[in-house]
Amino acid sequence: METITLEIDGKKVETAKGTTLLQAARKAGIDIPTLCHDDRLAPYGACRLCLVEISRNGRKRLVASCAYQAEEGLVVRTETEKIVRIRRMIVELLLAVSATGPLQALGQKYGLKESRFKGGQPKCLLCGLCVRYCAEVKKNNVTCFVGRGIERDVVFLSDLSHTLCPVCRECLPLCPSGTLYSLYLKGYNGAPEPGSNKGV
Amino acid sequence: MSKLNSAAELKKFRQDILAGRDADKLCVTICLGTGCLACKGDKVHDAFVEEIRRRGLEDRVDIRRTGCHGFCEQGPLVVVFPKEICYLKVTPADVPEIVAETLVGGKVVERLLYAGPDGRKIVHEGDIPFYKHQTRLILGPNRLIDPTRIEDYIALGGYSALAKALFVMTPVEVLDEVKRSGLRGRGGAGFPTGTKWETTRNAPGEPKYVIVNADEGDPGAYMNRSVLEGNPHSVLEGLIIGAYAIGAHEGFIYVRQEYPLAVANLTVALEQARGLGLLGDHILGSEFSFDVTIHRGAGAFVSGESSALMTAIEGRVGEPRLKYIRTAVSGLWEKPTNLNNVETWANVPAIVSKGAAWFNGIGTEGSKGTKIFSLVGKVRNTGLVEVPMGMTLRQVIFDIGGGVSGGKEFKAVQTGGPSGGCLPAGHLDLPVDFEELDKAGSMMGSGGMIVMDEDTCMVDTARYFVRFLSEESCGKCVPCREGLKQMLGLLDNICAGRGRDGDIELLEELGEVMTEASLCALGATAANPLLSTLKYFRGEYEAHIKEKRCPAGVCKDLIRYYIVPDKCQACQICARSCPAGAIAGDKGLVHVIDQAKCTKCGVCLEVCPSRFGAVTKISGRPVPAPVAAGTKVQKRK
Ligand SMILES: Cc1cc2nc3c(=O)[nH]c(=O)nc-3n(C[C@H](O)[C@H](O)[C@H](O)COP(=O)(O)O)c2cc1C
Ligand code: FES
Ligand code: FES
């Protein structure tokens, strides 16, 4: 296996070719926050929390570390002032969608007491973990995105859901917003869900 | 039609077409572009066919259906050759007169000519100020070509650039020529075209693909549409040449579903090109083979983004994806893929024919050639405008566009489509090219240009574009989706008079993060409308927030209509016109608007005779207490 060397936050890091910056950083004990990332799934790059700065030939740019592959000689900084500012804003935006556990922890990390943005009932954060887990790992495609822009949403396709979900339910614990279970139940239109005694 | 098997056969084919034509013969050309069709251009065409048949003039007069001439506002356009007499706003009823006077009598029908602001009539299309200041390299041929007849394109020298590329130049020479020309992408980002081609050419992996981006999702933009509808072969020829330079044998034209005429004309163009051996196996008898498929897009704005477009052609939802490996290297089905805009491709044949040096001579240091703009909004002459890069905004808006319509003051021009920016009067002398527009906080985009007058509220304008983008974003990444949602909410509040201290700063902070952190260029540019209006019209935001005042008098929640008692002459027109029945008054009595009932439709202001000028808009201060019921008007002497 070909190894490459790069520099992350001043540390020399050796990693296998093909690993992402996130993987390389975590291996070196450097923490980068993520929301939409899961090691079992293909990089998605949607939450933008994992942005890091790379520089090459004096040119700097921000990339999603969960998706960008490590390159020989790359210089990476995972927490510049700008990155912190961006993460704080993203967390602030997400807190307005759903102020659940993982988000609150992030809020604390970035010194946010409350979001300046208007929120309401917790809503789906659209990280896509459930949709992608169902499609990529389970190959079931029960959950999917509908709509676009600010109308984007996640739904369970009820026909498939009724047969496949009661015996699986593996996506439910993945949800960072705490809204997936209620989305799942929507597919039953109030009818009792088989195996509901399992609970979540 | 039999296939042409060499450059010489193409040349001969062209000579035969020209030999069969008489340059002095009368020819009536009728614009059947989408704009003119909407004004019943097809009825005008049918009337000419009928009238010419009725008078037995079929042998003496040709009729040609053409694509858009650009001056759609004045359509349907009719140009009579060889004298190039240009008639505007022609109706079927005008046709017998044109036939009798012009075709038979050789005279001009004065009343159908263009009249300048000074009333002077202009006979020739090219002398009309709208056209006179333009350089129509791409759009020019539209008026000479029936897009469903490949002969018309070949008669003008069409496909000779392809022949030159195939038989006189190597692919690398073609590539170098395009590189040296300085051509940059017309789809928005202005990426150097030759460099992009080279990346795809040199990228490992076969097959390679070339694609025409004809998604054109910007509201109000229709330059790509007019080129595809009016001169499809110019795009096709550019594409074939590009494929040859890049080493691609398969291409796609991604056209939005909403462009049926473009699809129809393209389909005919592809068939005719195949019939003549200009497309397909062994083009013009050479070793080079290439063919094209039309892909109809579902018409989402974001599908115009390169990775989204390719995902859509693959049959999945057109959503941008991470592009750390460029699509030029790994695009369609993960193969090297070169995507260019319609207008970019249409520039290629002339560059190959006339050479890089010729193209380089047009435009500015960093932006070469011409650019087509769709000039719309509060400007006298709206339509499609093609000018050399570097022309100033003032020249485009005032010399070509004829200035602001309705005698109003110029306030701003919005360039670059929904994610472009608004530039104020102080920037009118800005030369229009990629760098200058970027520096000013706007962008070239695909060439939208919306002129705004003094009656435009800039906060409301920003809100309009932010709403468009919030609906058209794919919704995948957080800064773009949640950022636009919150931005829209804040702007809604400000327009409704619920703005608070700190909103401006929050919007700025948010806009910056969207620009820096979004996944694709939609999100990265989505804050432009907001940031540019904040930069140049900050005072307007402050007035909305601090004084609850809309300076342009647009935001409904911040204005009240009020009848000035001293001026009201009790003509009763406003009371009769008010759809809400909110105006009380009687003969001889001062009229009063019931603010509780008023829906702020503004009809009273519109109908109040200007010699009275009694109805006014009030913003940022309370409405004076109503006069006592039964107050008599003060009649003017
Ligand atoms: C949201 C979005 C929409 C776009 N829409 C179009 C479009 O309708 N037509 C187009 O040619 N390019 C569009 N682009 C730009 C393309 O991504 C791409 O840069 C362009 O087609 C490349 O061609 P060019 O190099 O000839 O400009 C869009 C980009 C974004 C981010
Ligand atoms: S974890 Fe990388 S973008 Fe979400
Ligand atoms: S459609 Fe006729 S001039 Fe544009």
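The model is predicted.

## Chain A: overall build

Chain A has 200 residues, and 49% of them count as buried. Its C-alpha atoms fill a box of roughly 60 × 45 × 30 Å along the principal axes.

The secondary structure comes to six helices and seven strands. Read from the N terminus, the order of elements is β-β-α-β-β-β-α-α-α-β-β-α-α. Now the contacts in chain A. Take those between residues at least 6 apart in sequence: 50% join residues at least 24 apart.

## Ligand 1: the shell

Ligand 1 has 18 residues around it. The nearest are B:Gly187, B:Lys196, B:Asn340, B:Asn341 and B:Thr344. By class, the shell holds nine polar, five charged and four nonpolar residues.

B:Gly187 brings a backbone N or O atom to 2.7 Å from a ligand oxygen. B:Lys196 uses its side chain: a polar atom there lies 2.8 Å from an oxygen atom of ligand 1. For B:Glu216, a polar backbone atom is 2.9 Å from a ligand oxygen.

On its own, ligand 1 has 610 Å² of accessible area, and the protein covers 90% of it. Two elements of chain B give two or more residues each to the shell: strand S10 (337-341) and helix H21 (521-525). S10(B) supplies the largest share, with three residues.

## B:Ser405: a loop residue

Where does B:Ser405 lie? B:Ser405 is in the loop of chain B between helix H16 (393-400) and strand S13 (410-415).

Is B:Ser405 buried, partly exposed or exposed? Its relative accessibility is 24%. Buried means under 20%, and exposed means over 50%. B:Ser405 falls in between, so it counts as partly exposed.

Leaving out residues up to four places away in sequence, B:Ser405 touches B:Lys378, B:Val379 and B:Arg380. B:Leu558 is 153 residues from B:Ser405 along the chain. The C-alpha atoms of these two residues are separated by 26 Å.

Definitions and conventions: Residues numbered from 1 in each chain as written. Chains lettered and ligands numbered in written order. Predicted model: local features only at pLDDT ≥ 70, side-chain atom pairs only at ≥ 80, totals over all residues. Heavy atoms only, no water. Near = heavy atom within 4 Å. Polar contact = N/O pair within 3.5 Å; in protein donor to acceptor, adjacent residues only side chain to side chain. Areas by Shrake-Rupley, 256 points an atom, 1.4 Å probe, with all protein chains shown as cover. Helix = DSSP H or I, 4+ residues; strand = E, 2+ residues; numbered from the N terminus. Nonpolar A, V, L, I, M, F, W, Y, C, P; charged D, E, K, R; others polar. Buried < 20%, exposed > 50% of the residue type's maximum accessible area, 1.4 Å probe, protein only. Contact = heavy atoms within 4.5 Å.
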